[in-house]
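Me: Could you walk me through this structure, one feature at a time? I'll ask as we go.

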Amino acid sequence: MSGWEKYVRRVTPYTPGEQPKIKDKIKLNTNENPYPPSPKVEQAIKELEIDAMRMYPDPAVSDLVDAIANYYRVKPSQVFVGVGSDDVLAMSFMTFFNSDKPILFPDITYSFYDVWADVFRIPYETKALTDDFKICVEDYKTDNGGIIFPNPNAPTGAELPLEKVEEIIAANPDVTVIVDEAYVDFGAKSALPLVEKYDNLLVVQTMSKSRSMAGMRIGWAIGNEKMIGYLNDVKYSFNSYTMNRTSIAMGVAAMNDREYFEETTKKIVATRQKTKERLKKLGFVFPDSKSNFIFASHPKYEAKKLFEALKEAHIYVRYFDKPRINEYLRITIGTDEEMEKFFAFLEDYMS
Ligand code: PMP
């Protein structure tokens with residue numbers, strides 16, 4: 001080992017889902033939306049002026065902050081925007097999780113949380129989900145340095161009822177509780193109304209899933225003004241120009257098209273319902289999903305083998321080779337046609 005390597009910040013990085021380059025494929029592995037962004041987003045790109053790219057974007061991202069504040073009926077000073085919710089979450093870890101006590105999150109959850117905790121040297125403790133993948137609220141009533149969990153959870157898709165979310169927030173007034181709502185728009189209840197009631201709550205959302213904009217990298221946090229102020233202080237101490245002009249313009253257009261957003265999320269929820277019924281018929285078991293994916297296991301077929309066979313057929317789903325979940329596949333809800341092909345493969349595989 002070279003001398004300088006002693007001073008390297010070593011981390012085991014997060015592994016994102018595969019983005020295969022091949023053309024003909026069914027991609028159900030990274031919870032993207034199968035529908036294109038709103039036509040208004042396309043219009044917004046056409047209206048972009050190339051000359052404006054000479055200049056830095058607005059560091060305060062005011063247009064997008066205003067559009068989000070307007071949509072959710074909060075003050076612009078309660079909104080923080082970042083490069084995808086991953087950026088918003090990373091900034092939030094840095095800003096709010098600075099206790100010597102461990103932060104808490106579920107053992108089965110978004111696999112970026114432990115990576116951020118490691119990279120920022122934040123002590124953490126995981127709390128085991130029940131065997132049917134439920135969060136035990138009592139586990140979050142111990143002394144801690146902060147709490148984070150997704151709702152619905154990932155990769156299980158299971159929703160924690162809002163009363164229980166509130167119970168966790170109320171039991172922890174002295175630390176920040178972050179509710180990661182990346183998948184909330186597919187039928188779960190948002191904790192946003194609780195922001196008025198609890199000054200320790202930060203709600204994080206994204207345009208990547210329900211607004212079909214994973215490629216533009218737009219996420220946000222909503223909390224009380226003081227919290228957002230602290231987040232901005234950290235952001236401006238790191239990189240002031242996080243959001244580029246194209247993302248800002250497209251984000252505003254997406255946020256303002258409520259009708260298209262409601263229409264596409266409704267379609268996904270309908271396809272999810274049909275998918276659940278067909279999976280059940282084939283003998284799969286899964287926690288009830290309120291997200292745009294289903295976390296399914298089959299008592300007779302090994303998940304890893306099935307994952308590989310699907311991949312061979314250019315159908316991509318997500319498989320995690322980790323304790324407790326290595327017999328499950330996370331299947332993103334695609335279009336009806338994509339799911340049809342997915343089931344045609346499964347029926348053939350199982351016969
Ligand atoms: N939170 C959860 C639970 C997720 O699954 C994801 C998607 N990988 C994110 C946050 C981040 O999404 P994005 O950065 O695209 O907003």
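Reply: The expected span here is 1.5 Å times one less than the number of residues, and helices (H or I, at least four residues) and strands (E, at least two) are DSSP runs, numbered from the N terminus. This is a predicted model, in which local features need pLDDT of at least 70 and side-chain atom pairs count only at pLDDT 80 or more, while totals for chains, interfaces and linings use all residues. Residues are numbered from 1 along each chain as its sequence is written, and side-chain values use heavy atoms, with hydrogens and water left out.

Me: ok, and how many of the 13 residues of H3 are buried?

Reply: H3 is mostly covered, with 11 of its 13 residues buried; buried means under 20% relative accessible area, exposed means over 50%, and partly exposed is in between, using a 1.4 Å probe and protein chains only. Among the buried residues are Gly-84, Asp-87, Met-91, Phe-93 and Phe-96.

Me: what about Leu-89, buried or exposed?

Reply: Leu-89, which is in helix H3, has 0% relative accessibility and therefore counts as buried. Leu-89 and Phe-112 are 23 residues apart in sequence, and their C-alpha atoms are 9.4 Å apart in space.

Me: Switching to the rings, how many aromatic pairs are there in the whole structure?

Reply: A search of the whole structure finds 24 aromatic pairs. Phe-93 and Phe-97 have ring centres 5.0 Å apart and planes at 70°, so this pair is edge-to-face. Rings of Phe, Tyr and Trp (its six-membered ring) pair if their centres lie within 6.5 Å, and planes under 30 degrees apart count as stacked, over 60 as edge-to-face and the rest as tilted.

Me: and how accessible are Phe-93 and Phe-97?

Reply: Phe-93 is buried, with a relative accessible area of 0%, and Phe-97, at 1% relative accessibility, also counts as buried. Another aromatic pair, Phe-112 with Trp-116, is stacked, at 4.0 Å centre to centre and 5° between the planes, and both Phe-112 and Trp-116 are buried.

Me: which residues form one aromatic cluster?

Reply: One aromatic cluster is formed by Tyr-14, Phe-93, Phe-97, Phe-105, Tyr-110, Phe-112, Tyr-113, Trp-116 and Tyr-124.

Me: which charged end sits over the ring of Tyr-35?

Reply: That is the charged end of Lys-267, 4.2 Å from the centre of the Tyr-35 ring, and Arg-211 lies over the face of Tyr-71, at 5.0 Å from the ring centre. A charge sits over a ring if NZ of Lys or CZ of Arg is within 6 Å of the ring centre and within 35 degrees of the ring normal.

Me: Arg-211 again... what lines the largest cavity?

Reply: Arg-211 is one of the lining residues, together with Ser-38, Ser-210, Ser-212, Ala-254, Asp-257, Tyr-260, Phe-261 and Thr-264. Helix H8 (residues 258-281) gives the most to this lining, with three residues. On a 1 Å grid over the protein atoms alone, a cavity is a set of points where a 1.4 Å probe fits but cannot get out, a pocket is an open set with protein on both sides within 12 Å along at least five of seven lines, and lining residues have an atom within 4 Å of a point.

Me: what volume does the largest cavity have?

Reply: The largest cavity has a volume of about 60 Å³, where grid points are joined across faces, edges and corners and the volume is the space filled by probe spheres set on the points.

Me: Last topic, the backbone: which peptide bonds are cis?

Reply: The bond from Asn-151 to Pro-152 is cis, with omega near -5°, and the bond from Ala-154 to Pro-155 is cis, with omega near 5°. Pro-152 lies in the loop between strand S5 (147-150) and helix H5 (162-171), and Pro-155 is also placed in the loop between S5 and H5.

Me: and where does Asn-31 lie?

Reply: Asn-31 lies in the loop between strand S1 (26-27) and helix H1 (39-46), and has a positive phi of about 55° although it is not a glycine. Asn-31 counts as buried, at 0% relative accessibility. Arg-73 also has a positive phi of about 55° without being a glycine, but Arg-73 counts as exposed, at 71% relative accessibility.
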